[in-house]
Protein chains: 2
Amino acid sequence: MAETAARPRTRGRTRTRSREDTAGQVQSLARAISILKALARADDGMTLTDVALTVGLPPSTTHRLLTTMQHDRIVRFDQATALWHVGVEAFVIGNSFIRSRDLVVMARPIMRRLMEETGETVKLGVQDDGEVIYLAQVESRETMRAYRAPGTRVPMHCSGVGKALLANQSEEEVNRILQRHGLTRVTDKTLATPVRFRDALAQIRKQGYAIDDEEHAVGLRCISSAVFNEHDEPIAAISVSGPSARISDEKISVLAGMVTRAAKSIASEMGSRQG
Amino acid sequence: MAETAARPRTRGRTRTRSREDTAGQVQSLARAISILKALARADDGMTLTDVALTVGLPPSTTHRLLTTMQHDRIVRFDQATALWHVGVEAFVIGNSFIRSRDLVVMARPIMRRLMEETGETVKLGVQDDGEVIYLAQVESRETMRAYRAPGTRVPMHCSGVGKALLANQSEEEVNRILQRHGLTRVTDKTLATPVRFRDALAQIRKQGYAIDDEEHAVGLRCISSAVFNEHDEPIAAISVSGPSARISDEKISVLAGMVTRAAKSIASEMGSRQG
DNA sequence: GAAATCGTTCCGTATTATGAAATAGCGCCA
DNA sequence: TGGCGCTATTTCATAATACGGAACGATTTC
């Protein structure tokens, strides 16, 4: 291990990491994380070669990392289909993120009641990295219902929760986020121009609640209201969403009342605990 | 770097892993996982030394693994309190488990084992539209046995599965269902009055399991226990059922233990912690 | 029945993880 | 204010550990 200079540097490990951003990092762990992320993105599991290809690692290394994680059920291997999935233990660990946030624990019973009142799916989301991330959801009992698994991310500009959150932030903050993520058009009704979007925010501020009228998914309407902390900062938003057929124009004002009331009870619940 | 044989194998790192169960495992990754598990167990975050102590690693190693995970927001460090928590990304990854988990698939092996233990037919049912719908069943080997085709619906108030589910719901919910479907008398023993039924539910809550004593079919007894999800909501119930002749009063408590234990393993398989 | 494809294990190599120790922060008490 | 005890970080020499190419199996395909 002394004659490093003698050997041409090209041979050996295929990929030499750029020694700047990864200094002090544990390679194998970082690689395992990227594998996990890949698995989480795939809807129906991945084969070993799929995984190896997407993360850019040799199959043997990929396999070794996967089996290590399998040992603790972080990932699961389905023998029958030869596919790797995210495992139970990852779920259990991930859910402890929720428990560490009083918000979700407090909000859940109120969300449940709101679902009973409205009959529609109720979601709770926060802002994260310029996007909305859903933390919790209470599903409607209807056959035709809105569903978006907790833990998924959606753009802010075309979701009720996102707009409710943005409407209560400074103009600079809004600009920064729009600049970073853009106003991507997702459906015909997505507000895809800055002017229209800013008007919408003004409207939300005036009404106290946000509406997403098929701006994210065709046929899906959604009414949302922000939850404020004791410093009047919007820390989260809840929403009620369902098929446009059920969420008629006439019903909106009634639903909006229920949603804003629920948002306020969550806020007061948080305040009392001094979260 | 060629004389590997010359050096005595015993010296070196302080802890030599027992080369059997950890062969082919990636040490650093396995350690990182144990750190994550420790963090998940602690609801309110841990200091670095806490973590290092509980997983039995030097602080420097622990710190290096933590910062690597922090890079991808698998863990979060709260500067103000100097505490490490499970991070957003762990939540996002973990929740993708929901997409791949399947109650019936997870339950089946456990149901099979329960059938072997008890010798009786094991069924899995969920609540749908105020009724019980059976999703799966593992049949007893006896000639005389309980049978109910998967997919069939039965009233909640006179089935073990239904009662186990109802016992774990709010009073309003129970009232709504009873109002909608009534307490139809099916056999002589059916609990057909609200008072008797409510008493039965209280009893179930106390015991942790439900008994259907010929309330649905003459000569058929059934013991059932609910399966809870990660929010402690009852999502399903399993039952063991057979002829009253075989399911004697004395046998009930033994069978009940087996059923509740099986229900708990299904729950933990589905990601509810504390199985 | 041969070829191809994919998953798994082996094994020599040196890169990378390791942990002791040094250093940097941070209250806390005198 | 300054020194003391504590905990969090960073450094760095060392070799243990992760690495990946290649061989081996298992399965499917044609």
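Visitor: Is the crossing of helix 1 of chain A and helix 4 of chain B left-handed or right-handed?
Guide: Welcome! This is a predicted model, and in it the axes of helix 1 (residues 27-41) of chain A and helix 4 (residues 88-100) of chain B come within 9 Å. The crossing of helix 1 of chain A and helix 4 of chain B is left-handed.

Visitor: Are helix 1 of chain A and helix 4 of chain B oblique or roughly perpendicular to each other?
Guide: Their axes cross at roughly 45 degrees. Angles of 65 to 115 degrees would count as roughly perpendicular. Helix 1 of chain A and helix 4 of chain B are therefore oblique.

Visitor: Which residues in helix 4 of chain B meet helix 1 of chain A?
Guide: From helix 1 of chain A come L36(A), K37(A) and A40(A). The residues of this contact divide into four nonpolar, one polar and one charged. On the side of helix 4 of chain B, the residues are V92(B), I93(B) and S96(B).

Visitor: How are helix 2 of chain A and helix 3 of chain A set to each other, roughly parallel or roughly perpendicular?
Guide: The axes of helix 2 (residues 48-55) and helix 3 (residues 59-71) of chain A come within 9 Å and cross at roughly 110 degrees. That angle falls in the range from 65 to 115 degrees. The two helices of chain A are therefore roughly perpendicular.

Visitor: How many charged residues has the contact of helix 2 with helix 3 of chain A?
Guide: Here L48(A), T49(A), V51(A), A52(A) and V55(A) in helix 2 meet P59(A), T62(A) and H63(A) in helix 3. By class, five residues of this contact are nonpolar and three are polar, and the number of charged ones is none.

Visitor: Which strands stand at the edges of the open sheet in chain B?
Guide: The sheet has six strands in the order 5-4-3-8-7-6, with antiparallel pairing.

Visitor: How many bridges join strand 3 to strand 8 of chain B?
Guide: Strand 3 (residues 121-128) and strand 8 (residues 234-243) of chain B run antiparallel. T121(B) stands opposite S241(B) in strand 8. The number of bridges joining the two strands is five.

Visitor: Which helix packs on this sheet?
Guide: This helix of chain B touches strand 3, strand 4 (131-138) and strand 8. Its direction makes about 65 degrees with that of strand 4 of chain B. The name to look for is helix 5 (residues 103-118) of chain B.

How values were computed
Residues numbered from 1 in each chain as written. Chains lettered and ligands numbered in written order. Predicted model: local features only at pLDDT ≥ 70, side-chain atom pairs only at ≥ 80, totals over all residues. Axes fitted to C-alpha atoms, helices over the stretch in contact; angles between N-to-C directions. Helix = DSSP H or I, 4+ residues; strand = E, 2+ residues; numbered from the N terminus. Parallel < 35°, antiparallel > 145°, perpendicular 65-115°, else oblique. Contact = placed C-beta atoms within 7 Å. Nonpolar A, V, L, I, M, F, W, Y, C, P; charged D, E, K, R; others polar. Left-handed = near helix turned anticlockwise from the far one by under 90°. Pairing = 2+ DSSP bridges.
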